Amino acid sequence: MQSFRTELENNIVEQDIIDLEKKIALFKGGNIDEEKFRSLRLARGIYGQRQPGVQMIRIKLPYGRVSSDQLRRICKVSDEYSTGRLHITTRQDIQIHYVSLDRTPELWAELERDDVTIREACGNTVRNVTASETAGIDAKEPFDVTPYADAVFKYFLRNPISQEMGRKFKISFSSSDEDTGLSYLHDLGFIPKVKVIDGKEVRGFKVMLGGGLGSQPRHADVFSEFVEADQIIPFAEAVIRIFDRHGERAKRMKARMKFLIKDLGLEAFLELVDKETTALPFKSYPIDHESYDAAQKLPEAPVATVKEELGLDFEHFKLTNILPQKQKGFVSVGVRVPLGDFYTDQARKLADLVEKYASAEVRFTLRQNFLIRDVREDLVPYFYKELKEIGLASAGYNSLGDITACPGTDTCNLGIASSTGIAAELEKVILAEYPQYLKNQDLVIKISGCMNACGQHNMAHIGFQGMSMKSGKVVIPALQVLLGGGNKGDGNGRFADKVTKIPSKRGPQALRILLDDFEANANGQDFLSYYDEKGQIYFYELLKELGDASTVTPADYVDWGNTEEYKIAVGVGECAGVVLDLVATLLLEAKEKIDIAQNCLAEGRWSDSIYHHYAGLINAAKAILLSESVSTNSYANIIKQFDEVFVESGKINLGGTFSEKIYQINQNEPTEDFANAYGAQALEIYGLLKSYREEEVTA
């Protein structure tokens with residue numbers, strides 16, 4: 001464990017990793033409350049698995065890009081600390097499983113040697129910033145959104161405003177009006193636009209606000225049809241600050257920003273965002289796209305020929321897996337990765353291939369595949385041959401047979417039914433019985449193992465959600481069938497209707513019924529038009545017989561990919577620890593935040609210092625409220641309750657209200673003078689609260 005302390009060049013990263021190591025030791029020694037440790041662990045990409053004693057590690061790859069060197073580094077880490085399997089997520093991350101908690105600091109240090117992070121890949125943070133995998137090569141794009149996605153990722157990484165929000169926050173960038181980044185289901189979604197202002201072309205974005213999936217999907221609102229590019233980071237920061245302050249923190253299922261906007265109303269929410277602009281460190285944040293654009297060079301790959309006949313499989317591959325680029329003479333190769341799972345022996349050869357013959361990078365996609373970009377047209381046969389040798393040349397990229405599925409009950413604590421198991425069976429059905437659909441990229445199947453929609457099932461044309469159902473006294477694995485979702489482009493989308501619930505083992509037959517009916521009766525319409533014409537009840541009647549629980553057989557008792565009878569087991573597998581005094585833990589954490597704030601002050605980082613002081617005081621106030629058994633559900637509520645319980649009652653004298661003192665944060669610009677004054681005030685208030693607690697304990 002000593003190696004990363006001397007070899008890492010980035011002091012901030014090094015300190016982060018050392019801090020994780022210390023917190024693990026404190027947790028195992030019973031000195032940190034389990035819930036607080038879970039929060040800290042998740043914010044560092046470490047997620048408890050369904051299996052006890054091991055962790056899933058999520059590797060954060062902004063906009064899905066990974067270089068050859070980074071991919072090799074990920075392979076090295078996976079082989080040494082995990083099982084050699086790599087899983088691509090629907091947010092363009094990579095996950096590895098079965099990692100010992102004790103080894104996570106050194107794993108993280110290994111990744112950082114090639115500028116790969118796990119920081120804020122999980123938890124109540126700004127999650128991975130996603131983008132269309134075709135950004136930069138899309139013939140329909142107004143401009144390449146990559147440098148903008150990269151700037152947003154870097155700005156919010158370790159940013160104090162987004163470390164411990166009520167829930168996660170998701171941001172996407174689409175390359176064009178086709179909106180393949182799915183802006184309408186994100187907290188913030190950006191679609192590139194160009195507008196002529198005073199005779200000059202100005203870059204900007206259509207901005208979508210407040211979307212989300214889960215059990216109650218919400219279509220994002222249009223904040224603006226055009227926000228100039230230098231304003232997107234200030235706007236995002238103001239939005240996140242309001243979400244952090246007013247977002248729900250007690251009821252997890254109501255804690256996403258979509259619920260806050262629903263409760264406040266869009267107009268009131270945006271009024272709060274507008275008022276927050278005074279406190280922002282940047283009123284304009286220009287993003288240097290010129291340097292990025294100038295650095296983009298097409299590869300000068302050597303010639304590589306293929307002597308043998310490649311046959312009909314190659315012709316099929318070209319039809320479905322080769323994408324044109326806006327760069328003349330170059331194409332992209334779409335690589336279909338069934339269920340998003342591939343292995344380090346494949347990944348290493350892939351890294352070598354793209355380094356020598358393409359742009360030395362791949363981009364992971366929202367559909368759990370990857371895209372090899374900048375391939376010279378004459379090299380397509382060679383790429384096919386090489387991909388076939390490593391088992392990655394399946395036709396049907398982004399087709400109906402290319403099913404998206406989350407890990408479900410394989411490894412996830414929240415999984416109710418096997419999403420990967422049913423996905424594999426459905427892919428077999430399509431390959432064997434409906435091979436024509438391997439060329440159909442207008443129909444999408446997505447599967448999630450629970451209501452949380454990590455597999456994005458409720459925005460698919462055909463979606464399946466893992467559930468359970470009763471047959472007499474027996475509980476069996478089931479699937480909710482959803483139909484009619486889809487992306488309509490330019491920030492418009494639709495969510496699928498819940499049609500019926502069926503035993504999981506009947507999923508393949510449900511797909512057969514749907515496809516047979518579509519082929520027989522659609523008369524050339526696309527699936528969504530056909531669904532709208534027939535209506536939800538028509539499809540319920542079509543599938544109703546499959547949902548009859550009275551006709552189940554013993555085979556229905558066993559979920560796909562399992563040999564034993566089904567049992568519901570949700571939420572098991574997290575590390576256990578000794579639960580100590582949570583009030584003391586919160587006060588300790590508050591002091592740590594104030595110490596960080598003081599360091600920021602010394603380094604001249606005024607805005608960061610102010611926010612860390614603010615967060616420290618909130619934690620301290622929460623701790624004191626907890627000592628009086630007062631529950632809180634948001635930071636704003638903590639401030640209000642503290643005044644009511646302690647200040648107005650005269651129990652604690654702050655020389656004014658807590659509200660007046662704390663809310664100076666959004667009434668002043670983050671200047672040096674204000675940062676120093678706010679810091680001094682925070683130290684004084686923290687001292688008063690700590691003394692109050694000590695007197696209460698010893699009384």
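Colleague: Which residues of helix 8 are buried?
Modeller: Keep in mind that this is a predicted model. Helix 8 spans residues 257-264, and what covers its buried residues includes strand 9, strand 10, helix 7 and helix 9 (266-275). The buried residues themselves are Met257, Lys258, Phe259, Leu260 and Ile261.

Colleague: Is valine 239 buried or exposed?
Modeller: Valine 239 sits in helix 7 (residues 232-246). Leaving out residues up to four places away in sequence, valine 239 touches Phe169, Leu209, Met257, Phe269 and Val273. Its relative accessible area is 0%, and residues under 20% count as buried, so valine 239 is buried.

Colleague: How far apart in space are valine 239 and glycine 210?
Modeller: Along the sequence, valine 239 and glycine 210 are 29 residues apart. From C-alpha to C-alpha, the distance is 9.9 Å.

Colleague: How does helix 6 lie relative to helix 7, oblique or parallel?
Modeller: The two helices pack at an angle of about 40°, with their axes 11 Å apart. Angles under 35 degrees would count as roughly parallel. The angle is therefore one that makes helix 6 oblique to helix 7.

Colleague: Which class of residue has eight members in the contact of helix 6 with helix 7?
Modeller: On the helix 6 side are Ala151, Val152, Tyr155 and Phe156, which meet Ile232, Ile233, Ala236, Glu237 and Ile240 in helix 7. The crossing of these helices is right-handed. By class, the contact has no polar residues and one charged residue, and the class with eight is nonpolar.

Colleague: Which strands does helix 6 lie across?
Modeller: Helix 6 covers residues 146-156 and runs at about 165° to strand 7. The strands that helix 6 lies across are strand 6, strand 7 and strand 9 (200-209).

Colleague: Which strands are at the edges of that sheet?
Modeller: The sheet is open, with five strands in the order 6-7-8-9-10 and mixed pairing. An edge strand here pairs on one side only. That picks out strand 6 (130-131) and strand 10 (221-228).

Colleague: Which residue is the bridge partner of phenylalanine 173?
Modeller: Three bridges join strand 7 (residues 171-173) to strand 8 (residues 188-197), and these strands run parallel. In strand 8, the partner of phenylalanine 173 is phenylalanine 190.

Colleague: Where is valine 207, and which residues does it contact?
Modeller: Valine 207 is in strand 9. With a relative accessible area of 0%, valine 207 is buried. Leaving aside neighbours within four places in sequence, its contacts are Leu188, Gly189, Phe190, Asp221, Val222, Phe223, Ser224, Val227 and Phe235.

Colleague: Arginine 158 and aspartate 179 both have a positive phi; which of them is buried?
Modeller: Most residues other than glycine have a negative phi. Arginine 158, in the loop between helix 6 and strand 7, has a phi near 65° and counts as partly exposed at 21% relative accessibility. Aspartate 179, in the loop between strand 7 and strand 8, has a phi of about 55°. At 0% relative accessibility, the buried one is aspartate 179.

Colleague: Which residue takes a positive phi in the hairpin of strand 20 and strand 21?
Modeller: Strand 20 (residues 486-489) and strand 21 (residues 492-494) run antiparallel and are joined by three bridges. Glycine 486 stands opposite arginine 494. The hairpin has two residues between the strands, and the one with a positive phi, near 55°, is aspartate 490.

Colleague: Last one: is the crossing of helix 19 and helix 20 left-handed or right-handed?
Modeller: Helix 19 (residues 606-627) and helix 20 (residues 635-647) pack at about 55°, with axes 10 Å apart, which makes helix 19 oblique to helix 20. Among the residues in contact are Tyr614 and Ile618 of helix 19 and Phe642 and Phe646 of helix 20. By class, the contact has 11 nonpolar, two polar and one charged residues. The crossing is left-handed.

Key. Residues are numbered from 1 along each chain as its sequence is written. This is a predicted model: local features need pLDDT of at least 70, side-chain atom pairs count only at pLDDT 80 or more; totals for chains, interfaces and linings use all residues. Side-chain values use heavy atoms; hydrogens and water are left out. Two strands pair if DSSP finds at least two bridges between them. Helices (H or I, at least four residues) and strands (E, at least two) are DSSP runs, numbered from the N terminus. Contact means heavy atoms within 4.5 Å. Axes are lines fitted to C-alpha atoms, for helices over the stretch in contact, and angles run from 0 to 180 degrees between N-to-C directions. Angles under 35 degrees count as roughly parallel, over 145 as roughly antiparallel, 65 to 115 as roughly perpendicular and the rest as oblique. A crossing is left-handed if the near helix is turned anticlockwise from the far one by less than a right angle, and right-handed if clockwise. Ala, Val, Leu, Ile, Met, Phe, Trp, Tyr, Cys and Pro count as nonpolar, Asp, Glu, Lys and Arg as charged, and the others, Gly among them, as polar. Buried means under 20% relative accessible area, exposed over 50%, partly exposed in between (1.4 Å probe, protein chains only).
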